[in-house]
Amino acid sequence: MSNDITAIDRHARAAIDAAANPAALETVRVALLGKSGEVTALLKSLGGMDAEARKAFGAAVNALKTGLTDAIEQRRRILDAAALDARLQAERIDITLPARPTPPGSIHPISRTIEELTALFGAMGFGVQDGPDIEDDWYNFGALNIPPHHPARAMMDTFYLKAAGRNRPMVLRTHTSPLQIRTMLSRKPPIRVIVPGRTYRSDHDATHSPMFHQCEGLVIDRGITLAHLKGCLVDFLRAYFEIPDLKARFRASYFPFTEPSMEIDIAWDRKTGTIGAGSDWLEILGSGMVHPNVLANCGIDPREYQGFAFGMGVERITMLKHGIPDLRSFYDSDIRWLSHYGTSPLAPVTLHEGNAP
Ligand code: PHE
């Protein structure tokens, strides 16, 4: 019997040493110490022996079992360390390799135009204001002198939302003009702000998108006149289009929240699309002197303060400046379009401060 033990011990240790990886070692362990393993069988055979024989043989089998368990454990540590070494070797990162080039990102033309508007009007002392896309009906229409059944509401047909706990409907704002109201209610004049942001109308074709961007402007102070409006916007248009002698025309128009109201057109050539050339006129923005009712709605005394406001489409002025033919392309996220019309995030915004005489 003790010969058996010596023989088992010898071939077991040989098998343990020969196991080349943790899985092979586990197979060896099961063959020796598992439920039907060789050593387990010896332990089971103790039951059929008489007390004397069991004592001597039992001690030897237990010593065999402890010895082999230790040997397996030791071998496992060696194999684990080797496996870890191999992984570290295989997954080594060469930090001296040059970085893999990634395609550079670019600034979307809409964002770029908003940066330019911010810089140009910033140079004229305007701050930037923003507000909610989901707007109170009163700010979007009522306070702007557009009562419930006014036809201007139909022109700006929009998306109405029922809001719990409110007696007025909410709307997706149809223009950035509600920020005139919000600004005048929250600040005292003098006020000089622009409001670039998203606006919504239920329109959808080649030149209209249900979501688009506008930039509002508002100036409120004592003694503000049409001359200020004119000077400010002509300066702005010349700076934005980078044409120092760009001709602009003020054409009488109507907005419920301004009086008088004017549409501003710039000179262009309809045939070639060249801005600043030719004898045609292109409508570019809406403007006017803030209506006394609007000032009064905001608690500002129209006899003491006057002001002007303007609003323009950001996509529109971007399309004109860069010769972009289709409005829908702004929202397609076509990577070729984006890399063609996008600008480098590192390129500074040009800051012409206007060149009016
Ligand atoms: N809110 C007007 C529009 O969306 C534009 C505008 C703004 C006109 C401010 C006058 C003054 O058409």
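Modeller: A residue is called buried when its relative accessible area is under 20%, exposed when that area is over 50%, and partly exposed in between. Please keep in mind that this is a predicted model.

Colleague: Then take strand β8. How many of its twelve residues are buried?

Modeller: Nine of the twelve residues of β8, which spans residues 258–269, are buried, so the strand is largely enclosed by the rest of the structure.

Colleague: Which strand is joined to β8 by seven bridges?

Modeller: That is strand β7, residues 248–255, and the two run antiparallel. A hairpin with two residues connects β7 to β8. Phe255 has Thr258 of β8 opposite it.

Colleague: And β10, in what sense does it pair with β8?

Modeller: Strand β10, residues 280–290, pairs with β8 in the antiparallel sense, over nine bridges. Within that pairing, Ser261 has Gly288 in β10 as its bridge partner.

Colleague: Over how many bridges does β9 pair with β8?

Modeller: β9, residues 274–275, pairs with β8 over two bridges, again in the antiparallel sense. Asp269 is opposite Thr274 in β9. The hairpin of β8 and β9 has four residues between the strands, and Gly273 in this hairpin takes a positive phi near 75 degrees.

Colleague: On to charges. How many salt bridges does the count come to?

Modeller: The count comes to 17 salt bridges.

Colleague: Which residue forms a salt bridge with Glu116?

Modeller: Lys321 does, with the closest N and O atoms 2.9 Å apart. The pair links distant parts of the chain, since Glu116 belongs to helix α5 (residues 109–123) and Lys321 to helix α11 (residues 314–322), 205 residues apart.

Colleague: Are those two side chains buried or exposed?

Modeller: Glu116 has a relative accessible area of 6% and is therefore buried. Lys321 has 23%, so this residue counts as partly exposed.

Colleague: Which residues are linked with them in a network of salt bridges?

Modeller: The network links Arg112, Glu115, Glu116, Glu242 and Lys321.

Colleague: What about Glu304, with which residue does it form a salt bridge?

Modeller: Its partner is Arg222, and the closest N and O atoms are 2.5 Å apart. Glu304 lies in the loop between α10 (292–297) and β11 (306–313), whereas Arg222 lies in the loop between β6 (211–221) and α9 (226–241), so the pair ties together parts that are 82 residues apart in sequence. Glu304 is partly exposed, at a relative accessible area of 35%.

Colleague: Finally, helix packing. At roughly what angle do the axes of α2 and α3 cross?

Modeller: The axes of α2 (residues 22–33) and α3 (residues 38–45) cross at roughly 15 degrees and come within 3 Å. That makes α2 roughly parallel to α3, because angles under 35 degrees are classed in that way.

Colleague: Which residues meet there?

Modeller: Ala31, Leu32 and Leu33 of α2 meet Glu38, Val39 and Thr40 of α3. Sorted by class, the contact has four nonpolar residues, one polar and one charged.

Methods:
Residues are numbered from 1 along each chain as its sequence is written. This is a predicted model: local features need pLDDT of at least 70, side-chain atom pairs count only at pLDDT 80 or more; totals for chains, interfaces and linings use all residues. Side-chain values use heavy atoms; hydrogens and water are left out. A salt bridge is a side-chain nitrogen of Lys or Arg within 4 Å of a carboxyl oxygen of Asp or Glu. Buried means under 20% relative accessible area, exposed over 50%, partly exposed in between (1.4 Å probe, protein chains only). Axes are lines fitted to C-alpha atoms, for helices over the stretch in contact, and angles run from 0 to 180 degrees between N-to-C directions. Angles under 35 degrees count as roughly parallel, over 145 as roughly antiparallel, 65 to 115 as roughly perpendicular and the rest as oblique. Contact means heavy atoms within 4.5 Å. Ala, Val, Leu, Ile, Met, Phe, Trp, Tyr, Cys and Pro count as nonpolar, Asp, Glu, Lys and Arg as charged, and the others, Gly among them, as polar. Two strands pair if DSSP finds at least two bridges between them.
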